[in-house]
Amino acid sequence: MTRFRCLSSFARVMEAKPAFVQKIANIRGATGRLREQILARVLDAGTEEYGNGEKQKSFAILCDGTDLHSVIAVEAWNNPDQKAMKSLICQKGNVVSLANAKLQSKGKGLGFLGKQVKIAFDTCTVVKPAPAGQVPESLPLVGMKDLKALMTVCAVSMEAVLHVPGSAVERNFDGKKN
């Protein structure tokens, strides 16, 4: 009954105005349901166990741009919401349209680059496949100079090269040994 009520009220809102896509970077600290849809790629999704394996939560990471603030976490904690979130988890790697999303404070979780909100997935959230368009296929990278400016603990994405020193190798430059 509740799911039907959520979907019918959402359908009335969507019929009343044309669909508008909200960029993740523009989502700020407000809580409540977004009237706009989010068009983003599901970069990672799955289920985590915690509390000695007694409890679990479903999660997803969405990205819609190359800006460092274009990433947001999605979580579902209770069983009905986790079952509903399977529609998002099975879209891992694909672009989706997420409508009627519920925003809430990130709580104790780590936000990407200090984002203070996350999406709380519930049975009223609507997921539909969408065309890929210009949505990136990986997390935006954080440069070293940007890391110095971070003031809070947060999740970041970095690309690093590990170099293992080896034995010296003689090289010839212009016929001379070095």
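**Entry 1, Gln56.** I listed the contacts of Gln56 in this predicted model, skipping neighbours within four places in sequence. Gln56 is in contact with Thr47, Glu48, Glu49, Tyr50, Trp77 and Gln82. I placed Gln56 in strand 3, residues 55-63. I then checked its accessibility. Gln56 has a relative accessible area of 35%, so I noted it as partly exposed. I also took one C-alpha to C-alpha distance, from Gln56 to Asn78. The two are 22 residues apart in sequence and 8.3 Å apart in space.

Is Gln22 buried or exposed? Its relative accessibility is 15%. The cut-off for buried is under 20%, so Gln22 counts as buried. I found Gln22 in the loop between helix 1 (2-16) and strand 1 (32-33). With neighbours within four places left aside, Gln22 is in contact with Ile27, Glu36, Gln37, Ile38 and Asp64.

Next I looked up the largest nonpolar core. I noted 23 residues in it. Leu62, Leu88, Ile119 and Phe121 have the most contacts inside this core. Which elements give two or more residues to it? I wrote down strand 2 (38-50), strand 3, strand 4 (71-76), helix 2 (79-89), strand 5 (95-99) and strand 7 (117-120). Strand 2 gives the most, with 4 residues.

I went on to Leu62, not counting residues up to four places away in sequence. Leu62 touches Ile24, Ala40, Arg41, Val42, Ser70, Val71, Ile72, Val74, Leu88, Leu98 and Ile119.

How values were computed
Residues numbered from 1 in each chain as written. Predicted model: local features only at pLDDT ≥ 70, side-chain atom pairs only at ≥ 80, totals over all residues. Heavy atoms only, no water. Buried < 20%, exposed > 50% of the residue type's maximum accessible area, 1.4 Å probe, protein only. Contact = heavy atoms within 4.5 Å. Core = buried A, V, L, I, M, F, W, Y, C linked by side-chain atoms within 4.5 Å.
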